[in-house]
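Subject: Structure handover

Hello,

The sequence and structure I promised are below. My notes on the packing and the charged pairs follow.

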Amino acid sequence: MARTLTAPEREHFLALPHVGVLSVAADDGRPPLTVPVWYTYTPGGNLTFFTGTQGRVARKTRLLQRSGTLSFCVQQTEFPYKYVTVECTVVEEDGTPSVEEVTAITSRYLPPDLARAFAEAETSDPAGTFVLFTARPDRWLSFDFADDARSG
């Protein structure tokens, strides 16, 4: 039988280096914008991710600035399936993040030299289009199908 994850289980799962799926309310009657993002999370803390589109303001940046809220989902795509979704409030926006702050995220997904090079390239853009967002998890939704795998 599928079950809801406990608070420590869901926070541990979110802290793993999944690719997150960010959803934010759109404008002009369009559906919510839903995009994959790299992120970092420490259990009990806030979610941190960045937006940027090679020198131009990303649509998701503008929408996050307008709405101040988002939904975020990570999943285990192999059976037994598992997912965690959080509804969040944006608590900080940094248009000039440090190389170290960005490397803390990119190093979860790239080899060290590439993670640092990515962070250096993005943070050197004087246009301020690369933005680091910090969001507070407010509500959680989770599901774990591991019990189904054991009973099958």
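A residue is called buried here when its relative accessible area is under 20%, exposed when over 50%, and partly exposed in between (1.4 Å probe, protein chains only). Helices (H or I, at least four residues) and strands (E, at least two) are DSSP runs, numbered from the N terminus.

Please note that this is a predicted model: local features need pLDDT of at least 70, side-chain atom pairs count only at pLDDT 80 or more, and totals for chains, interfaces and linings use all residues. Residues are numbered from 1 along each chain as its sequence is written, and side-chain values use heavy atoms, with hydrogens and water left out.

Helix α3

Helix α3 covers residues 99–106, and its buried residues are Val 99, Val 102, Thr 103, Ile 105 and Thr 106. Viewed down the axis of α3, these fall within an arc of 160 degrees, so they line one face of the helix. The arc is taken from the directions from the helix axis to the C-beta atoms. An α-helix has 3.6 residues a turn, so residues three or four places apart point the same way. The cover over the buried residues of α3 includes β3 (39–41), β4 (47–51), α4 (112–123) and β7 (131–144).

Contact means heavy atoms within 4.5 Å. Leaving aside neighbours within four places in sequence, the contacts of Phe 72 include Leu 14, Leu 22, Tyr 39, Leu 47 and Val 86.

Salt bridges

There are seven salt bridges in the structure, each a side-chain nitrogen of Lys or Arg within 4 Å of a carboxyl oxygen of Asp or Glu.

- Asp 144 pairs with Arg 3, with the closest N and O atoms 3.5 Å apart. This pair links distant parts of the chain, 141 residues apart: Asp 144 is in strand β7, Arg 3 in the segment before α1 (7–15). Asp 144 is buried at 4% relative accessibility, while Arg 3 is partly exposed at 26%. Arg 3, Glu 9 and Asp 144 are linked in a network of salt bridges.
- Glu 100 pairs with Arg 116, with the closest N and O atoms 3.6 Å apart. Glu 100 lies in helix α3 and Arg 116 in helix α4, so the pair ties together parts 16 residues apart in sequence.
- Asp 138 and Arg 136 meet at 2.7 Å, N to O.

Regards
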